[in-house]
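Let me put the sequence and the model up on the screen before we talk.

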Amino acid sequence: MKNIDSTGHVTGKSLYLDDLPLRQDTLFGVVVDSEIAHGHILSFDASEAKNYPGVVRILTAKDIPGENQIGGIIADEGLFAEDSVHFIGQPIALILATSERAAREARQKVKIEYKKLRAITEPREAAAKGEYLLPPKTFASGNPEKQWDKCEYIFTGSTEQAGQEHLYLETQGAYSYPLETENLMVHSSTQSPTAAQRTIAKVLGLPMHRIQVDVVRLGGGFGGKEDQATAWAVMSSLGAYLLNKPVKVVLSRHDDLRMTGKRHPYSSDFKIGFSKDLKILAYEVEYFQNGGAANDLSPAITERTLFHTTNAYYIPHVKATVHSCKTNLPPNTAFRGFGGPQGMFVIESAIAQAAMELGVPSSVIQEKNFIKENDVFYYGQVAKNVNVQKVWNAAHKEYGFTKKQKAIEQFNQKNTLHKKGWAFMPIAFGISFTNTSMNQARALVHIYSDGSVGVSTGAIEMGQGVNTKMLQVAEQTFGISPDRIKLESTNTTRVSNTSPTAASSGADLNGKALQVACTAILRRLKSLASDLFKVPASKIQIKDELVFANGKKTGWNWEKLVYEAFMQRINLTESGHYATPIIHFDKEAGKGHPFAYHVYGLAFYEVTVDVIRGTYEIDEVDVIHDFGKSMNPIIDLGQVEGALVQGIGYTTMEELAYDNEGRLLSNSLSTYKVPDIYAVPAVIRVKPLKTGGHSLAIFKSKAVGEPPLMYGLGAYFAIQNAVRAFNSDFRKFDAPITPEKVLMGLYQKKEKTVQPSPKTAKANASK
Amino acid sequence: MISFILNNQLITTDKPEGMVLVDFIRYEHHMMGTKIGCREGDCGACTVLEGTLREGTVEYKSILSCLAPLGNVHGKHIVTIEGLEQENLSPVQQAMSDRAATQCGFCTPGFIMSLTAHSLKKEASDKEKTIASVSGNICRCTGYKSIELAAEDVNSELKNKEKNNTTEWLVKHGFVPEYFLTIAEKLKQIKAPMNNNKSGIPVGGGTDLFVQKADNLYYSDLNLTQENPQMKQIEFSNGRCFVGAAVNATEMMENKMLQQHFPGLKQYFKLISSEPVRNMGTLAGNIVNASPIADLVAFFLALDATVHLKKGNTEREIPLRELYKGYKQLDLNQNELIEKVSFKIPEKENVFNFEKVSKRTHLDIASVNTAIQLQVKNGTITLAHLSAGGVFAYPFYAYKTVALLVGKTLSHSTISEAAEVLLKEIAPISDIRGTKEYKSLLLRQLFFAHFVKLFPKEIHFSELIEQTENS
């Protein structure tokens with residue numbers, strides 16, 4: 001079944017936040033933000049701006065009736081800066097005017113004087129100065145310290161990973177208007193309507209029930225609208241509440257790029273030890289996470305980095321520590337993968353470094369260390385239904401890599417102007433919010449007396465097709481035509497206390513809750529039919545809109561049965577609740593069973609580097625992916641391809657750059673490049689692993705949003721290998737691998753790499 | 001007053017000619033299908049069709065409504081996604097839907113418009129051209145493979161397109177609504193624009209000015225040059241080629257004569273921005289913008305082009321390479337406009353090459369670009385022109401390198417020696433497009449690439465590297 005929004009999308013009729021018809025007297029908000037990355041505000045003079053034609057009012061922290069606080073996990077972030085500023089782009093005030101243009105122009109007239117303080121942009125510098133968002137977080141098992149003596153080979157090294165801009169095509173925005181008696185209606189482009197609701201209530205000093213947040217759909221989210229959509233919803237609501245007028249705040253692309261956080265950059269050190277037969281015995285890693293100026297979701301992202309520290313491998317002795325460093329950048333935030341890609345990149349780099357030193361392909365080490373059934377992930381979860389080796393075997397059988405690898409070797413022998421490289425990227429990604437309490441959802445189902453069905457859930461549609469999957473759940477549970485079912489907007493008044501649509505969990509959690517609700521109504525309908533046709537309820541079936549008793553047609557259809565139920569005063573509305581069973585996690589001990597299940601997969605890359613120009617092309621990517629039993633193959637394939645390409649962008653061309661003053665240099669789409677149609681792999685093959693699926697997944701169809709993003713890491717290693725086919729001295733782990741890094745790598749001299757430097761991977765083969 | 005046809009409706013408006021089209025469509029006319037993604041021509045979400053009446057028929061192309069000043073659409077047919085509305089989905093819409101080539105949907109109207117613009121072209125479709133039509137559209141969700149499949153579907157639907165009566169054929173096959181057949185007549189009714197304000201700010205396609213200062217231009221008087229007939233010609237006479245100032249990149253790229261003289265033209269120009277930007281951006285705009293990495297300037301410097309300037313009745317000619325005086329500084333007087341650019345048509349034995357490397361190969365600004373023109377007779381270099389962008393405060397003509405090359409034997413040692421001179425005469429700076437070390441190395445490599453590409457039998461890359469490392 002294709003996405004139920006398809007027709008609206010291709011005809012331009014689908015509505016997004018900025019497309020909503022405006023109410024009379026709508027005001028437009030433009031955010032005044034800090035021009036420096038760190039300092040004190042000495043004076044704030046908005047007098048000229050206030051008098052600018054069209055300007056109605058300028059709001060600052062002083063106008064906030066409740067708390068000036070929007071921090072999601074930790075209360076460390078004001079809506080507006082008061083005395084000091086901590087990043088360029090930090091909101092200080094909101095200009096409200098009768099047109100967006102007037103507000104924008106008035107912004108030029110605001111004069112702010114600062115006392116500049118030194119800005120920190122690098123996490124290691126923050127760590128050296130003791131600037132942390134949180135105390136260091138360590139997960140460990142066994143005792144690596146005691147293992148080094150037993151290791152045949154030990155390698156140490158460092159890695160660098162830049163951040164990533166979400167670049168949802170629709171920028172952040174919200175539209176709020178007053179309803180009667182201190183009630184507000186808020187349209188927001190958010191993945192977390194409840195977070196927006198809770199925070200608006202806190203800032204306005206109102207109870208949550210007065211705030212109604214409604215979301216039709218997002219023009220892309222990718223995690224960037226999980227926590228960071230809140231501020232704009234709060235601002236528009238503050239304006240609407242104080243002025244009793246509709247207020248719209250939609251960020252321009254430049255404002256959005258400057259003001260919002262990105263994927264966390266990491267700088268990491270590793271030490272890895274092997275037995276003689278290349279089993280990983282011990283692994284120690286320290287991550288220096290660039291958290292930005294406030295916590296945002298960093299504590300949760302920290303945990304997911306730790307959970308994916310060993311990726312798809314079993315390592316008996318592990319110690320992993322994340323230093324969440326406070327810097328003067330916008331608070332970094334959720335981005336598809338949520339710290340997972342950062343953890344996985346380091347272990348894959350450690351393996352790659354070992355492979356280079358030992359003169360074997362990484363794949364030899366990868367295959368020897370895959371996690372197996374009943375092995376224990378180092379955070380305590382026993383591995384069940386493990387598919388790593390299965391995926392590996394299936395991929396080799398389907399795609400015949402030996403032949404491809406040979407062909408690449410021959411190509412490199414023959415060609416001087418181009419070199420090819422290959423790499424495998426295996427993944428094991430845990431599904432569930434790592435914060436156990438968030439693994440719950442609700443759904444509300446109405447069956448109307450004409451037989452049509454309205455479905456509300458807490459899931460946000462942002463292109464991933466969750467609404468289509470919800471419709472499938474209702475359709476298949478009831479046994480009726482999809483045309484009868486309408487997916488309502490996500491609305492906090494209809495479905496309360498929602499978890500964000502994040503962690504790949506939207507379809508599982510909300511789908512299961514919807515299943516509960518539909519099943520309950522169905523039970524009542526069947527009970528009615530049982531009375532009508534004098535057979536036990538268990539012998540009643542609804543299929544293709546028809547009511548069957550004992551497998552025989554009754555002559556009744558859905559419409560008739562529903563109407564009869566209504567006439568007999570049977571409840572045709574139900575709310576379902578679902579909480580993932582089994583999972584638990586002790587955050588202090590770093591042990592437990594945090595995930596409902598894991599998603600597995602493998603990607604193989606073949607790339608070609610142009611030795612003269614330093615440019616590269618990704619020729620082929622072959623994937624075997626563990627979809628479980630996909631409930632919607634075309635949507636799930638789109639998720640795999642889209643995530644894969646976003647992951648490739650992350651490790652290749654997407655280069656976020658800040659200067660030493662904390663100023664974003666890649667501050668527009670002309671300087672921040674995401675893949676276009678010519679940049680993607682010439683061929684992407686995705687085949688499903690044949691498996692029965694997992695019962696904790698909705699319809700046994702595994703979560704698919706995030707895991708495939710991490711296939712993208714393979715592009716880094718394949719390109720690195722192609723460069724090494726020309727210059728074997730190249731062994732840097734510094735993502736993204738831009739054409740600049742490739743060209744410099746192709747022609748760098750050996751002596752330059754051996755110089756010790758914290759940023760350069762340095763290998764010491766011991767013993 | 002500005003008059004144009006928006007979908008099926010004649011519009012007459014007194015809004016400023018410097019208002020960008022997308023704001024008019026969305027916020028004055030409340031048609032919300034056209035999306036805003038970046039307002040700088042880098043995402044394609046705001047793509048619309050622009051139809052121009054030429055010799056009785058309407059020719060369509062894709063343009064970016066975020067950069068098009070309202071003044072530039074006077075007398076045109078502008079089509080938004082709403083203007084494609086029919087009872088059934090068009091084959092383009094159907095393909096994008098069937099192939100699941102739309103996820104969040106925000107970029108989708110832009111893709112639909114680009115593919116529809118492609119369909120409306122008179123020339124036959126092929127897969128490559130169909131894909132090229134969406135080269136200016138960014139999708140962050142799908143990874144493009146589904147869009148490629150949709151484009152292939154569109155291409156096969158266009159297999160039997162008729163070269164004449166194209167619009168009739170397209171209406172018959174549901175690509176565009178029937179009202180398209182009435183547009184030519186309606187456009188004829190619109191009178192030519194009122195006199196341009198010659199003292200206003202000169203604006204060509206708007207692809208750079210409206211990125212830099214859309215807010216200022218909203219209030220300014222504009223001197224719109226895009227439709228100035230004197231500036232739209234590509235002419236060949238007396239051994240020279242004259243390209244009008246308002247000729248856009250697509251018009252150069254599609255010019256059959258230019259293609260004859262530069263067999264690689266289409267490949268070079270494909271590296272310059274994207275199809276809708278090329279449909280808008282003009283030669284003079286690229287020159288006066290004076291960006292150090294201006295692609296067209298790199299191209300014309302290697303042709304040793306002459307710039308023809310005009311101020312009132314005073315005319316002046318100046319070599320392009322002498323136009324630049326410093327960063328964004330030109331030898332240009334107040335109110336002096338570029339009227340055309342000319343160059344000597346290269347002799348048959350001359351060879352030409354253009355190289356560009358950027359972070360993303362397409363729709364990106366170069367880290368370094370360079371073009372070369374060479375004539376080699378009996379193994380001796382008898383003529384050379386070399387440009388380099390991204391390595392100096394303005395588009396750079398490599399005087400010293402050129403001087404060294406001319407008269408020398410074409411050999412590995414000559415090239416290696418020249419590369420050394422080249423790297424000494426440039427002055428790159430480190431910025432978002434690369435460190436200065438990278439830009440130097442990259443220029444050397446691209447300089448080598450010219451010779452490896454142009455003289456594959458005589459010049460070998462590995463020997464160039466060996467020579468360079470030994471010297």
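I'll go through confidence, then the domains, then the chain contact, and finish with a sheet.

First, some housekeeping. This is a predicted model, where local features need pLDDT of at least 70, side-chain atom pairs count only at pLDDT 80 or more, and totals for chains, interfaces and linings use all residues. Residues are numbered from 1 along each chain as its sequence is written, while chains are lettered from A and ligands numbered from 1 in the order in which they are written.

On confidence: pLDDT is the predictor's own score for each residue, from 0 to 100. Chain A averages 96, and 98% of the residues score at least 70. Do look at residues 751-767 of chain A, though, where pLDDT stays under 50.

Now the domains, with bounds from an automatic or database assignment. Chain A has domain 1 (6-117 + 172-250), domain 2 (266-433 + 590-754) and domain 3 (440-579). Taken over C-alpha atoms, the centres of domain 1 and domain 2 of chain A are 37 Å apart. How many residues of domain 1 of chain A are in contact with domain 2 of chain A? There are 18, meeting 20 residues of domain 2 of chain A; contact here is C-beta atoms, placed from the backbone, within 7 Å.

On to the two chains. Their contact takes 62 residues from chain A and 60 residues from chain B. On the chain A side, helix 1 (6-10), helix 16 (633-651) and helix 18 (739-747) each supply at least two residues, and helix 16 of chain A gives the largest share, 7 residues. Helices (H or I, at least four residues) and strands (E, at least two) are DSSP runs, numbered from the N terminus.

Strand 3 (residues 47-54) and strand 4 (residues 57-64) of chain B pair antiparallel over 8 bridges. They make a hairpin with 2 residues between them, and B:Glu55 in the turn has a positive phi of about 45°. B:Leu49 stands opposite B:Ser62 in strand 4 of chain B, and also opposite B:Val79 in strand 5 of chain B.

How values were computed:
Two residues are in contact if their C-beta atoms, placed from the backbone, lie within 7 Å. Two strands pair if DSSP finds at least two bridges between them.
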